[in-house]
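I opened this entry to record what holds the two chains of the model together. My notes follow the order in which I looked things up.

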Amino acid sequence: MATKRPEPVQVVKQRRDAALAALLASIPYIQFLGIQFDRRGDELTAVMPYHEKLVGNPMLPALHGGATAAFLEVAAVIELGWTGLWKSVETGTLTPEAIAQGDLIKIPKTIDFSVDYLRSGLPRDAYARARVNRSGRRYASVYVEAWQDNRSRIFAQATGHFLMPDSDVKA
Amino acid sequence: MAINKTALAKQFSEAIPHAKGFGMWLDDIGQGTAEMEMPYNEKFIGDPATGVIHGGAVFALLDGCCGAAVMSHPDQKGLTATIDLRVDYMRPATPGQNIRAKATCYNVTRNVAFVRAVALDDNDDKPVATAAGAFVTGA
């Protein structure tokens, strides 16, 4: 009686990437800011390539605080959505075909978002990683930090609270 | 002097590439107060199921408006930068409606300016979001 053979790596990768792509494609604002995501296993890194339209102070120049905040919020929401999706992607409950059909992904809603601007954002690519510190049935608390050239020099950090999609009761 | 500062704040806010990308404009500027507006745009949608714009776009408008309020304050010299900003999302913005932000810089110290703001759509009574933040003075 042999144990079940592990799935071929490309099948696993394809399913994970399809799930992530579907999650990202569901939010037009992500495309507007040009944010991409790097996936290593279940770890996500948000990448916001530098673009002129992200500039807030043309004299320095520095990234706009709003662009930085939006980048952090996108990184936080996607991390939260991804964490929620991960189990069903791994168990195969969520197939690439089902993902392609759409309508399966519900996005958490932001309750509040608080940003600390630690340094001015340089005209460079920015990276962010988020950590879900608490994920309950109704609420989640997410911490996110962003850096540019040096991983240890964080230029902005934020904490946000989110309403989980399934607990979405009409007020 | 006050006129120059008003011109500076207006010019600065509208020369910001990121504000231009959003199509934001300044409606009014006073002595430590500012009003900015942003049109509804499908590119800013955060939840396609409802057409509601992303919180990040509202955040950007509030941040810009708070910055303009700081620069318009009589005690502020020149430009500013955000130290921190917290936004509370009260309800989804109604799709298709412009978002307006009203900010008040209610205290300025030697190094820090304190600002509050609200974001509204066509309904003046129930805010879409509120914000509170600290900004650098005399940057």
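I began with salt bridges and found one between chain A and chain B. The model is predicted, and the pair is B:Arg86 with A:Asp112, whose closest N and O atoms lie 3.4 Å apart.

I next looked up polar contacts across the interface of chain A and chain B, and the rule gave eleven residue pairs.

I then asked which elements of chain A give two or more residues to the side that touches chain B. I noted α2 (28-33), β3 (55-57), α3 (65-90) and β5 (109-117) of chain A. Of these, β5(A) gives the most, with eight residues. By residue class, I recorded 18 nonpolar, eight polar and five charged on this side of chain A.

I followed β5(A) across to the other chain. Five bridges join β5(A) to strand β5 (residues 82-89) of chain B, and the two strands run antiparallel. I also noted that A:Asp116 stands opposite B:Asp84 in β5(B).

Lastly I looked up the extent of the interface. I found 31 residues of chain A in contact with 30 residues of chain B. The two chains bury about 2400 Å² between them, and 63% of it is on carbon and sulfur atoms.

Methods: Residues are numbered from 1 along each chain as its sequence is written. Chains are lettered from A and ligands numbered from 1 in the order in which they are written. This is a predicted model: local features need pLDDT of at least 70, side-chain atom pairs count only at pLDDT 80 or more; totals for chains, interfaces and linings use all residues. Side-chain values use heavy atoms; hydrogens and water are left out. Contact means heavy atoms within 4.5 Å. Buried area is the accessible area (1.4 Å probe) that two parts lose on being put together, summed over both. A salt bridge is a side-chain nitrogen of Lys or Arg within 4 Å of a carboxyl oxygen of Asp or Glu. A polar contact is a pair of N or O atoms within 3.5 Å; within protein, one must be able to donate a hydrogen and the other to accept it, and residues adjacent in sequence count only if both atoms are side-chain atoms. Helices (H or I, at least four residues) and strands (E, at least two) are DSSP runs, numbered from the N terminus. Ala, Val, Leu, Ile, Met, Phe, Trp, Tyr, Cys and Pro count as nonpolar, Asp, Glu, Lys and Arg as charged, and the others, Gly among them, as polar. Two strands pair if DSSP finds at least two bridges between them.
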